[in-house]
Amino acid sequence: MADSCEALGAVPEHERILQEIESTDTACVGPTLRSVYDDQPNAHKKFMEKLDACIRNHDKEIEKMCNFHHQGFVDAITELLKVRTDAEKLKVQVTDTNRRFQDAGKEVIVQTEDIIQCRIQQRNITTVVEKLQLCLPVLEMYSKLKEQMDAKRYYSALKTMEQLENVYFPRVSQYRFCQLMIENLPKLREDIKEVSMSDLKDFLESIRKHSDKIGETAMKQAQHQKTFSVTLQKQSNMKFGKNVYINHDRIPEERNEITLKHVLEDEDENEEEVLTVQDLVDFSPVYRCLHIYSVLGDEETFENYYRKQRKKQARLVLQPQSSMHETVDGYRRYFTQIVGFFVVEDHILHVTQGLVTRAYTDELWNMALSKIIAVLRAHSSYCTDPDLVLELKNLIVIFADTLQGYGFPVNRLFDLLFEIRDQYNETLLKKWAGVFRDIFEEDNYSPIPIVSEEEYKIIISKFPFQDPDLEKQSFPKKLPMSQSVPHIYIQVKEFIYASLKFSESLHRSSTEIDDMLRKSTNLLLTRTLSSCLLNLIRKPHIGLTELVQIIINTAHLEQACKYLEDFITNITNISQETVHTTRLYGLSTFKDARHAAEGEIYTKLNQKIDEFVQLADYDWTMSEPDGRASGYLMDLINFLRSIFQVFTHLPGKVAQTACMSACQHLSTSLLQMLLDSELKQISMGAVQQFNLDVIQCELFASSEPVPGFQGDTLQLAFIDLRQVTLLIPFGKQGRLQSVR
């Protein structure tokens, strides 16, 4: 009778075991099968009989399913035979379409003949255009002559007539309109002879209006001359095999006669540009008035009046607009007006006798220079755009070089540039902070997939990565870093380029430039990039996987710092072994970021454990345990196993610390749950259920989820929890006060 009851009780148990085998994960089959052997002695035989019966049932179901779908297979074959007829019809249609397409091509041939006729017409039009282009320069020069006459720039008009007669008219002398122009030139010369002396006030008003144009042309010529000198120096360095940074020499002090009438005849390339500037200013009123006043013996009055009026104009030119700092055009207008003013004064100094003196121009320049420096120092402080600051620096350099070419001292301007350089570096750092933030936002924080040799070469060309083991692997493969690493490396190089741009043309040695580049790069690494990395690490949406990738990324960026030093060395040609060479602080920068990421990993891992533990729902009064560990704990252990698999890419010490921290935190959380002051009583079944969970924790610790632990080091994290679970059954009447 007892055996019968036992058999009846075993059947439902075997059915439950079979259901668990069919529905649960394979990882849990072992404990389930073990329960078969842990029961009655004949349980195994009965379970095998039950299993055979279950298999036969499944075989019958499979056979029914095959019989059910057989007819569908037959129907599909029948449908396929019907398609054969439709395929033959399609073939006929394709043949007909091809025939009609061939017929349509005949019309294309007809259109081709029309195109040939159009090409002939086009060739004729081209011939006409060439003839017109031959005549256009003559017409433009004659139109320019008429404009000069209307504007009363008679000296320039005479020069234009000379060009027309000697250069342009011989090219088109066969045309009638050219003969008419030639006949009209003597009359124009007579008109010029009849022109009376212009008033000096009109000249001063005109020179004020055109000073910015004069200054702009003077600065352009100075810039062209400087570029030409730099090109010659580069060619000289290449000739002797030197790879050195070019220090721009001072511009020769030969005056840039952009507004003068004394132009060398052999400088054909510059002559037209000089004439263009002469068209803006006619100095003949000054010459005529000076001659008249000299003849009348009142030359001193004319000189005093001219100098007084020009000083007033200088004060107006030096007065900046309130919004000058907002755009580079504001600075350019300010500089061109000042340059135009002093170019005119330099011209007057050299073509007149005593109207202005060198002492007068020096006094005027010293007054102007103090005002210019004060204005630039005040307005440049408002600039927040590095491109604007760089353009301002270039303008100041061109401005200084231009006036230096005219003999004005500009050392104070270059001293001001060193103040602006610090501001430029600050604006660069702010700009690159935004660039780094965008790179971090766009990164997917996963290894870079490489599917071909071309992609691998492209990335290697941008970022200095070397891994012999990875190179031996076949494609596709993955680089350990994420996309942000090569992007950041490229941007650091771009920052160095941007910083170098300001150092150009400052007449500094290669050693000084090298020192400036390294210091600014250190600021970028230690302040800007480090801050962006720390802010990224602390963002709530950055998970454990992302933090692991960030640590890997910082390791590769740290290794790339030596290549950045080589990059700066190649630019400046200053060896890193030099005594005073500044080193890059990449090691400390990325080391701090790694430590912050590691700490964040420990914190987030503990937070994740807390989330799982919060799902625990123990019935502390249960009479019997469930026979298996709690579901939340198994999910937690599976999560820890998967996350520690990701940690295999981390340095061993970091992964071990994270694993130990997680186990200790889990043990502490379970212990706090057990010793909660609100938990007054616990049943033996609850103790046994809790003990199953502790066993799973210990099994997890003993499975060595992270390699490298010595002996039972990881299992010791649960030693306090195990001792408490052993003491609970000895508490008086199941109460926990004695345990606490």
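## Cysteines

Cys178 has a relative accessible area of 0% and is therefore buried. This applies to a predicted model, as do the other values in this report. Cys135 is at 10% relative accessibility, so Cys135 counts as buried too.

The sulfur of Cys178 has its closest cysteine sulfur in Cys135, at 8.8 Å, which is too far for a bond. A disulfide is a covalent bond between the sulfur atoms of two cysteines. The cut-off applied here is a sulfur pair within 2.5 Å. The structure contains zero disulfides.

## Ile398 in helix H12

Ile398 lies in helix H12, which covers residues 386-405. The relative accessible area of Ile398 is 16%. Because buried means under 20%, Ile398 is classed as buried.

Leaving aside residues up to four places away in sequence, Ile398 touches Met219 and Gln223. The C-alpha atom of Ile398 is 8.3 Å from that of Lys220, although the two residues are 178 residues apart along the chain.

## Helix H22

Helix H22 runs over residues 684-702 and has 19 residues. From its first C-alpha to its last, H22 reaches 26 Å, close to the 27 Å expected at 1.5 Å a residue.

The buried residues of H22 are Gly685, Ala686, Val687, Gln689, Phe690, Asp693, Val694, Cys697, Phe700 and Ala701. After H22 comes Glu704, with a positive phi near 55°.

## Packing of H16 and H18

Helix H16 spans residues 484-503 and helix H18 spans residues 544-572. Their axes come within 10 Å and cross at roughly 30°. Angles under 35 degrees count as roughly parallel, so H16 is roughly parallel to H18. The crossing of these two helices, H16 and H18, is right-handed.

On the H16 side, the residues that meet H18 are Ser484, Val485, Ile488, Tyr489, Val492, Lys493, Ile496, Tyr497 and Leu500. On the H18 side, the residues in contact with H16 are Asn553, His556, Leu557, Ala560, Tyr563, Leu564, Phe567, Ile568 and Ile571.

Terms used. Residues numbered from 1 in each chain as written. Predicted model: local features only at pLDDT ≥ 70, side-chain atom pairs only at ≥ 80, totals over all residues. Heavy atoms only, no water. Buried < 20%, exposed > 50% of the residue type's maximum accessible area, 1.4 Å probe, protein only. Helix = DSSP H or I, 4+ residues; strand = E, 2+ residues; numbered from the N terminus. Contact = heavy atoms within 4.5 Å. Expected span 1.5 Å × (residues − 1). Axes fitted to C-alpha atoms, helices over the stretch in contact; angles between N-to-C directions. Parallel < 35°, antiparallel > 145°, perpendicular 65-115°, else oblique. Left-handed = near helix turned anticlockwise from the far one by under 90°.
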